[in-house]
Amino acid sequence: MALQALQSSGVTFRRILSHFPEELSLAFAYGSGVYRQAGPNSDQKNAMLDFVFTVDDPVAWHSKNLKKNWNHYSFLKVLGPKIITSIQNNYGAGVYYNSLIMCDGRVKIVTMNEDITLRSALDRNLKSAVTAAFLMLPESFSEEDLFIEIAGLSYSGDFRMLVGEDKTKVLNIVKPNVAHFRELYGSILQENPQVVYKSQQGRLEIDKSPEGQFTQLMTLPKSLQQQINHIMDPPGKNRDVEETLFQVAHDPDCGDVVRLGMKKSVIYSSLKLHKMWTGWLRKTS
């Protein structure tokens, strides 16, 4: 799907990329504005899109982008590319975000170099999303259930989903785009030995035994494993992560623990980012 999108991008995609420095390993758009939605947000003509650019040398790239797009940055632009890169690398999710930038067109995958390390990281990310969703779902479920759970990972711990956001937002994203989700995750589901994927019926069955859940927990990203360990490890016990995950695998509420760990991970990153901003504001005031 990524390569097809790239090949069919044409002039529109090149026009978008022309606004930015050329040294991009990967560029893609994400969020609810990218694909058609059901419900009140179905008219996406003026929807805001979120883009992610991956670069090999953030300092050099920010240096060039500051010259080309000075007005894209917040007040941090006066501190220069090294400080911006330091904030990007050491706080939050490792991403520096510029908001409300006017640009042309709308895209999915815009461009991607044939980088084995990058491709491997993207594949691991997809598999991690599937594994986390498996742990939060029952033994038998539909494709739509799975894709709703995966899409919902983006909103874990997001306060907007409690106040102000459309409560059916995730469902409205998934329903018109099941075919896209199936194309993206189909091979992962077919190759996973722990799941029976009945693609013709759109149904899946997952191994919910303690042994199966432990295998799934052990393949989660390290940061999420550590959050689960922090939640389950009583004061003074100091158990290692593997011991905690073994306990969680036998817990009837395993899925709820994973869901809480996801929320804690997002909140923890947000608190780190808030602390960083507070520190910078004090230094510059």
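Predicted model: local features only at pLDDT ≥ 70, side-chain atom pairs only at ≥ 80, totals over all residues.
I started with Ser 128 and looked up what it touches: leaving aside neighbours within four places in sequence, Ser 128 is in contact with Thr 219, Leu 220 and Pro 221.

Next I checked where Ser 128 sits, and found it in helix α5. Buried or exposed? Ser 128 has a relative accessible area of 16%, and the cut-off for buried is under 20%, so Ser 128 counts as buried.

Then I followed α5 to a packing partner. Helix α9, residues 210-218, packs against α5 at an angle of about 145°, and I noted their axes as 9 Å apart. I put the crossing down as left-handed. Which residues make the contact? From α5 I listed Thr 131, Phe 134 and Leu 135, and from α9 Gln 213, Gln 216 and Leu 217. Sorted by class, that contact has 3 nonpolar residues, 3 polar ones and no charged ones.

On to the cores. I looked up the largest nonpolar core, which has 41 residues. The members touching the most others are Phe 134, Leu 146, Phe 147, Ile 150, Tyr 185, Leu 217 and Ile 228.

Not counting residues up to four places away in sequence, Ile 228 touches Leu 217, Leu 220, Thr 244, Leu 245, Val 248, Val 257, Val 258 and Gly 261.

Last entry: I also found a second, separate core of 11 residues, with Ala 27, Leu 76, Ile 87 and Tyr 96 among them.

Terms used
Residues numbered from 1 in each chain as written. Heavy atoms only, no water. Core = buried A, V, L, I, M, F, W, Y, C linked by side-chain atoms within 4.5 Å. Buried < 20%, exposed > 50% of the residue type's maximum accessible area, 1.4 Å probe, protein only. Contact = heavy atoms within 4.5 Å. Helix = DSSP H or I, 4+ residues; strand = E, 2+ residues; numbered from the N terminus. Axes fitted to C-alpha atoms, helices over the stretch in contact; angles between N-to-C directions. Left-handed = near helix turned anticlockwise from the far one by under 90°. Nonpolar A, V, L, I, M, F, W, Y, C, P; charged D, E, K, R; others polar.
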